[in-house]
Amino acid sequence: MGSIPVQFTFHSGLNRQIFSNARLVGSWDAAGNPSAQWTESPMTAALDDAGCPSFNATVQFNPNNQGTVFNWGVLADTPSTPNCWVIATEVPDANSSDQYRSFTLAAQNQNQHYWFATGRRLGAQKFYVPGQAEPAIRFSVWAPYAQKVELVFATFDGTAAASGYIADDGTGIDLTIGNQGAFPMFARGNGIWETDISQSSALSRFTDFLNNLYMYRVTNEQGQVTYKADIYSRNQIGQGSVNPGGAHYTGSYQDLDGIVSCSVVSDPDLVTADFNDTGLVKHSLIPASEFWSNEFTFGQMPPQQIENLVIYELHVGSLGYGSTTAGTFADALAFVSQLSSLGVNAVELLPVLEFDGDLQWGYGTSLFFCLQSSAGGGNQLKHFVRACHQKGIAVILDVVYNHFAGSNAERTEWGYDSDPTQAPQHNTYYWYEGQPSDYSFLEGGYLNNGSSGFAPRLWEENVRQMFTSSAAALLDDFHIDGLRVDLTDALHQDNSLNSNGQSVPAANLCGIKLLRELANTVKLINPSAFLIAEDHTGWSAMTEPASQGGIGFDAVWYADFYHHLIGDGNYGDNYARLLQLAGYGDNRPLQMDYFAGALQATSYSKIAYHECHDEAGNDPNTARTMVTAVNGAVLFGDTRTYAEARSRFAYGMAALSAGTPMFLMGEEIGAAKYFLYNNFFDNKEDLIGERSGDGRFLFRFYQDLNRLTIQHASLRSRAMDVLYTWNDNRVIAFLRSLPTEQMLVVASLNNLPFAQGYVIQSDRLPAGGWTEAFNSDAAIYGGDNVGNGGATLPVANGQINVVIPANGFVVLQKTS
């Protein structure tokens with residue numbers, strides 16, 4: 001009997017060529033000797049049948065080794081780093097972080113495949129057939145419990161009156177396509193079903209199906225026929241909030257909720273040259289390479305290091321002042337020049353991957369490869385990203401991996417291929433612990449995690465890889481610069497049984513596994529991509545390097561900083577609550593020393609903010625900074641003056657901290673309306689008009705302070721030394737320094753200025769002359785112009801005498 005050949009293929013699953021010089025590494029020569037070094041052999045570069053860069057190698061095995069388990073992986077070079085281990089997926093053991101693939105040798109040919117990203121493997125994708133000039137089309141779906149899966153297309157005439165919906169009884173299917181409107185799909189192993197052009201020759205040209213509407217007709221585990229959206233869809237036809245619930249629908253697709261509507265065959269390698277080319281059939285498509293060819297402006301590149309960012313948190317739906325409908329990517333594109341003039345160099349978008357409805361913040365994502373259709377879809381987001389990059393602004397997306405849509409999810413993840421009312425343990429995308437018989441009620445085995453939905457089934461590799469592959473697509477196809485991952489506590493700490501609240505440690509471990517895989521995937525594609533976690537646990541591993549056993553994120557949101565600095569909300573007396581207490585208007589001492597600890601801690605990979613979407617009225621007893629600053633008093637006359645001065649103090653502490661500063665849209669013009677998830681559309685602020693209206697002084701302050709922090713390396717560094725605090729006088733002073741530059745910040749929330757000077761003493765205060773570089777009380781910011789002017793202030797014997805404005809701060813630079 002001859003040797004058994006096994007071909008190994010590493011599929012990048014990406015459009016761009018990220019990997020090179022790939023080498024197959026395996027345990028076959030170490031059989032029986034675990035300490036032996038794995039064999040390394042070169043792989044041949046190729047394009048796979050999805051058109052993605054891939055690498056192949058064949059190994060001949062001794063037939064005597066049949067039944068032996070072998071492990072393998074791949075080493076490759078990236079543009080920045082040689083010899084990277086490029087298997088990002090971990091082994092199916094909750095307690096292990098090992099990354100390799102395994103198989104058991106058998107007599108039959110058993111080629112091994114690994115997809116680094118599956119965004120071009122599953123879904124409606126190009127399929128390259130040898131000898132055929134044009135790509136065919138292949139539809140693939142993961143439905144491990146299904147009895148049968150078929151592909152169906154919807155009738156659609158392209159008019160606004162067309163429904164874009166298939167009812168539960170099949171009404172809406174285009175019966176002229178395929179066999180009575182359906183193409184068969186074939187089980188290929190590992191729960192994957194796909195079409196086969198050898199059985200369906202009509203699928204031989206991708207372009208014949210471009211823009212067609214489709215769904216999967218899934219005969220589920222119980223034999224029920226259901227219609228499902230493509231989880232890997234790049235585009236959904238629905239643009240509204242209506243859910244027909246499976247009934248006949250005669251309304252317009254423009255009113256239909258995207259996640260219950262039909263998926264649309266789209267080409268991710270083409271982009272509309274015309275931003276306004278938004279119809280189903282696009283007329284200005286150009287190759288993506290051509291679209292991105294003018295992405296950057298010489299001398300104005302987006303920042304590459306997280307400490308260099310000044311982040312503007314933007315909810316696209318809250319744009320479009322004067323309208324009560326949700327803002328769109330058109331509004332966002334028009335706002336790019338406003339971001340640039342504000343002086344920020346990064347924008348963080350609240351979630352824009354396809355969520356349920358059209359009037360929400362977006363934290364109910366169900367389709368992780370599709371951009372929100374009601375906002376304008378994927379092509380328009382690409383225009384926004386390019387416009388930002390041309391202005392030197394990095395784009396960070398908020399992504400949600402801790403739950404799925406809480407409503408209207410019956411055509412996406414919920415019950416995808418098994419009826420959850422009969423077999424909840426087979427609800428494919430959701431974690432169900434044990435069997436239904438273990439609980440007093442059917443939903444008892446699902447997991448809660450502190451988010452607004454049941455936890456995903458993260459023990460399942462295909463579920464985790466859906467999330468990591470979505471991230472890969474955002475970097476590869478959309479040129480996104482980074483991700484902010486929503487509520488990571490829910491993934492690694494807070495999983496508990498719905499029945500009794502008991503912790504589920506295995507789920508927490510699998511959440512950690514997802515976070516590691518995500519960080520590995522993102523950093524292999526782009527080592528400079530930003531990974532930010534909304535994590536409130538204080539778990540230091542989040543930002544420790546993967547090489548040292550950490551997760552490998554760049555920074556975490558620092559909510560404690562907010563609570564110490566601002567202090568509204570129901571968080572008790574465990575925080576300094578500076579702004580809230582100052583807002584009472586009296587002269588009580590403030591815990592500047594307590595706040596100093598939070599300020600010092602910003603040195604440790606933190607996002608420091610004085611306002612974010614959660615705390616601007618959405619969380620109980622919270623409000624906008626301007627409102628908290630005066631305890632809710634009417635913002636008029638002297639009250640507004642006090643509110644603006646204290647608001648300047650608040651942003652100054654975040655911007656001048658050792659963390660990466662971030663602030664919520666509207667802070668720069670003194671926004672005062674509640675920012676609520678369920679009625680933001682009624683509370684939009686005039687972000688542009690107020691720049692020359694009542695918000696003009698604050699806007700100028702934000703402009704200048706943003707530029708100051710970006711221009712001075714010491715203010716962007718992680719170096720922080722709090723030199724002085726005095727609670728009775730409400731004063732704090734801290735040093736930001738590098739060997740080449742030293743800046744001293746002296747701040748006060750006292751209601752009166754220290755116009756004759758205030759002595760700061762510290763033996764760590766460098767001797768020499770110091771000159772005022774910034775004054776929050778300058779007249780151009782609406783202040784009283786109380787400060788140190790152009791004087792050089794001497795430091796001798798560790799003392800400096802500084803004029804400090806009321807409710808303000810000065811920044812001094814060492815000049816001699």
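At what angle do helix α11 and helix α12 pack, and how far apart are their axes?

A: The model is a predicted one, and the description below should be read accordingly. Helix α11 spans residues 638–655 and helix α12 spans residues 696–711. The two helices pack at an angle of about 20°, and their axes are 11 Å apart. Angles under 35 degrees count as roughly parallel, and α11 and α12 are therefore roughly parallel to each other. The crossing of these two helices, α11 and α12, is right-handed. Two packed helices are described by the angle between their axes and the distance between the axes.

Helix α6 covers residues 505–525, and its axis comes within 9 Å of the axis of α4, with a crossing at roughly 25°. By the cut-off already applied, α4 and α6 are therefore roughly parallel to each other. Here, too, the crossing is right-handed as α4 passes α6.

The closest N and O atoms of R101 and E461 are 3.0 Å apart, and the two residues form a salt bridge. R101 counts as buried at 17% relative accessibility, whereas E461 is partly exposed, with a relative accessible area of 23%.

Strand β8 takes part in an aromatic contact as well. A pair of aromatic rings is described by the distance of the centres and the angle of the planes. F70 and F103 form such a pair, with 5.9 Å from centre to centre and 35° between the planes, and the arrangement is tilted. F70 lies in strand β6, residues 69–77, and F103 lies in strand β8, residues 101–104, so the pair ties together parts that are 33 residues apart in sequence. The structure as a whole holds 60 aromatic pairs.

Returning to the charged side chains, the count of salt bridges comes to 34. One of them joins R217 to E150, with 3.0 Å between the closest N and O atoms. R217 is in strand β16, residues 213–219, and E150 is in strand β12, residues 148–153, so that this pair links distant parts of the chain, 67 residues apart. R217 and E150 are both buried.

A further salt bridge is formed by E194 and R188, and its closest N and O atoms are 3.2 Å apart. E194 is buried, with a relative accessible area of 10%. R188, by contrast, counts as partly exposed at 40% relative accessibility.

Salt bridges also link R120, K126, R234, D267, D269 and D477 in a network. One of these residues, K126, has a further contact: its charged end sits over the ring of F206, 5.9 Å from the ring centre. A contact of this kind is also made by R484, whose charged end sits over the ring of W557 at 4.0 Å from its centre.

The residue F127 is placed in strand β10, which consists of residues 123–127. F127 is buried, with a relative accessible area of 17%. Its C-alpha is 59 Å in space from that of N574, and F127 and N574 are 447 residues apart in sequence.

N621 has a phi near 60°, a positive value in a residue other than glycine. N621 is placed in the loop between β31 (606–609) and α10 (625–628), and N621 is exposed, with a relative accessible area of 57%. N797 likewise has a positive phi, of about 55°, although it is not a glycine. N797 is found in the loop between β38 (792–795) and β39 (799–804). N797 is exposed, with a relative accessible area of 76%.

How values were computed: Residues are numbered from 1 along each chain as its sequence is written. This is a predicted model: local features need pLDDT of at least 70, side-chain atom pairs count only at pLDDT 80 or more; totals for chains, interfaces and linings use all residues. Side-chain values use heavy atoms; hydrogens and water are left out. Rings of Phe, Tyr and Trp (its six-membered ring) pair if their centres lie within 6.5 Å; planes under 30 degrees apart count as stacked, over 60 as edge-to-face and the rest as tilted. Helices (H or I, at least four residues) and strands (E, at least two) are DSSP runs, numbered from the N terminus. A charge sits over a ring if NZ of Lys or CZ of Arg is within 6 Å of the ring centre and within 35 degrees of the ring normal. A salt bridge is a side-chain nitrogen of Lys or Arg within 4 Å of a carboxyl oxygen of Asp or Glu. Buried means under 20% relative accessible area, exposed over 50%, partly exposed in between (1.4 Å probe, protein chains only). Axes are lines fitted to C-alpha atoms, for helices over the stretch in contact, and angles run from 0 to 180 degrees between N-to-C directions. Angles under 35 degrees count as roughly parallel, over 145 as roughly antiparallel, 65 to 115 as roughly perpendicular and the rest as oblique. A crossing is left-handed if the near helix is turned anticlockwise from the far one by less than a right angle, and right-handed if clockwise.
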